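Good morning, everyone, and thank you for making the time. I would like to walk through a few places in one structure, slowly enough that we can find each of them together on the screen.

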Amino acid sequence: MTADRRADNSAMTLDDRSREVFRAIVESYLESGEPLGSRNLSRLLPMSLSPASVRNVMSDLEELGLIYAPHVSAGRLPTESGLRFFVDAYMQVGDLAESERSEIERHMQGVDRGQPVDGLLNEASQMLSGMSRGAGLVMTSKSNAVLKHVEFIRLEPTKALAVLVGEHNEVENRIIDLPAGTTSSQLTAAANFLNAHLNGQTLPELRAVLARLKDEVRHELDQLSQDLVGRGLAVWSGSTEDGRPGQLIVRGRANLLEGVADAADIDRLRMLFDDLEKKESLIELISLAESGSGVRIFIGSENKLFSLSGSSLVVAPYRDSDNQVVGAVGVIGPTRLNYARVVPMVDYTAHLLSRMSRSR
């Protein structure tokens with residue numbers, strides 16, 4: 001039987017003293033990150049157990065796959081399966097303290113409503129980092145911003161920069177390939193045509209309008225300019241599988257360096273930082289958050305995005321005015337995150353982001 005399967009069945013097999021020993025090991029790990037030995041553990045228990053009896057219980061817990069010894073003569077640490085069992089069976093998540101709610105709201109509501117939504121997301125990430133002592137992250141799919149201006153700037157004979165400006169002055173720049181023989185006047189004509197038909201529309205709405213105006217497009221623009229219009233619209237949608245290019249905002253990476261001492265921890269952090277640089281794959285965070293209700297906790301290898309680094313992720317979705325999931329907010333940290341505190345913090349931030357996003 002695998003360790004995970006043994007751990008899944010452990011809730012039915014732990015007696016009172018096994019539960020207390022297990023709880024003490026996990027809580028000590030979450031607080032200090034250090035192994036807990038039988039002698040020190042016996043002093044922490046609410047019942048009277050000798051170190052020898054504690055060692056017997058620890059041996060049973062190790063057989064169940066809930067704890068392990070990092071070194072031959074060391075105390076015990078919880079396994080990933082043990083942490084999952086603890087989070088599911090024993091962790092009590094309460095409401096945020098009123099002072100913490102106020103701090104979150106103060107940070108978030110300090111963002112000027114006239115600023116692009118990026119400012120709100122950046123503040124959420126920075127705030128979560130500071131309050132959790134982990135790395136705060138916000139992931140968002142590209143929203144269907146209302147466009148107010150389009151421009152094409154030639155970079156070289158076969159490439160141009162498509163510049164699209166949203167109603168809140170958000171700017172999206174994308175490189176596009178130019179049809180062979182494209183002239184500067186055709187770049188200008190294509191941009192003028194798009195700007196003439198914007199009328200405060202989103203990109204999907206503009207595509208629909210142009211689809212209905214195919215004959216007019218053919219009449220007003222030559223073939224090269226028609227191709228350029230199509231390319232300029234297509235590049236805005238991106239190239240991800242779901243057509244929703246995303247952005248990732250991460251703050252507080254330096255927090256992850258606190259308390260790091262040995263080479264193994266440094267290697268895990270290096271792998272985590274490498275993962276964080278692969279922004280194109282992190283759109284999966286949204287689907288991870290969307291696939292469950294409320295806050296989700298991924299411990300170590302449970303989250304394939306950060307499995308090699310052994311990091312934990314606490315993540316929750318936030319929604320738009322149509323109640324559609326448009327992003328995810330969360331905290332990345334070592335497996336000894338203070339889950340009981342971080343979970344309500346992420347949950348409250350996600351709800352606040354949803355509410356503020358709807359009102360912008």
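Let me start on the surface, where Ile153, Leu155 and Ile175 make up a nonpolar patch whose accessible area comes to about 260 Å² for the three together. Please keep in mind throughout that what we are looking at is a predicted model. Of these residues, let us pick out Ile175, which you will find in strand E6, the strand that covers residues 171-177.

Now please turn to helix H2, which runs over residues 16-32 and includes Ser32. Ser32 is partly exposed as well, its relative accessible area being 34%. How far apart in space are Ser32 and Arg336, given that 304 residues separate them in sequence? Going from C-alpha to C-alpha, the distance between Ser32 and Arg336 is 8.5 Å.

My last stop is Asn255, which sits in the loop that links strand E7, residues 246-251, to helix H12, residues 263-277. Is Asn255 buried or exposed? Its relative accessibility is 12%, and since the limit for buried is under 20%, Asn255 counts as buried. If we leave aside residues up to four places away in sequence, Asn255 touches Ser129, Arg133 and Gly134. With Ser129 there is also a polar contact, in which the side chains of Asn255 and Ser129 are joined at 3.0 Å.

Key: Residues numbered from 1 in each chain as written. Predicted model: local features only at pLDDT ≥ 70, side-chain atom pairs only at ≥ 80, totals over all residues. Heavy atoms only, no water. Patch = residues over 30% accessible without salt bridge, like charges linked within 9 Å, V, L, I, M, F, W, Y side chains within 5 Å. Areas by Shrake-Rupley, 256 points an atom, 1.4 Å probe, with all protein chains shown as cover. Salt bridge = Lys/Arg side-chain N within 4 Å of Asp/Glu carboxyl O. Helix = DSSP H or I, 4+ residues; strand = E, 2+ residues; numbered from the N terminus. Buried < 20%, exposed > 50% of the residue type's maximum accessible area, 1.4 Å probe, protein only. Polar contact = N/O pair within 3.5 Å; in protein donor to acceptor, adjacent residues only side chain to side chain. Contact = heavy atoms within 4.5 Å.
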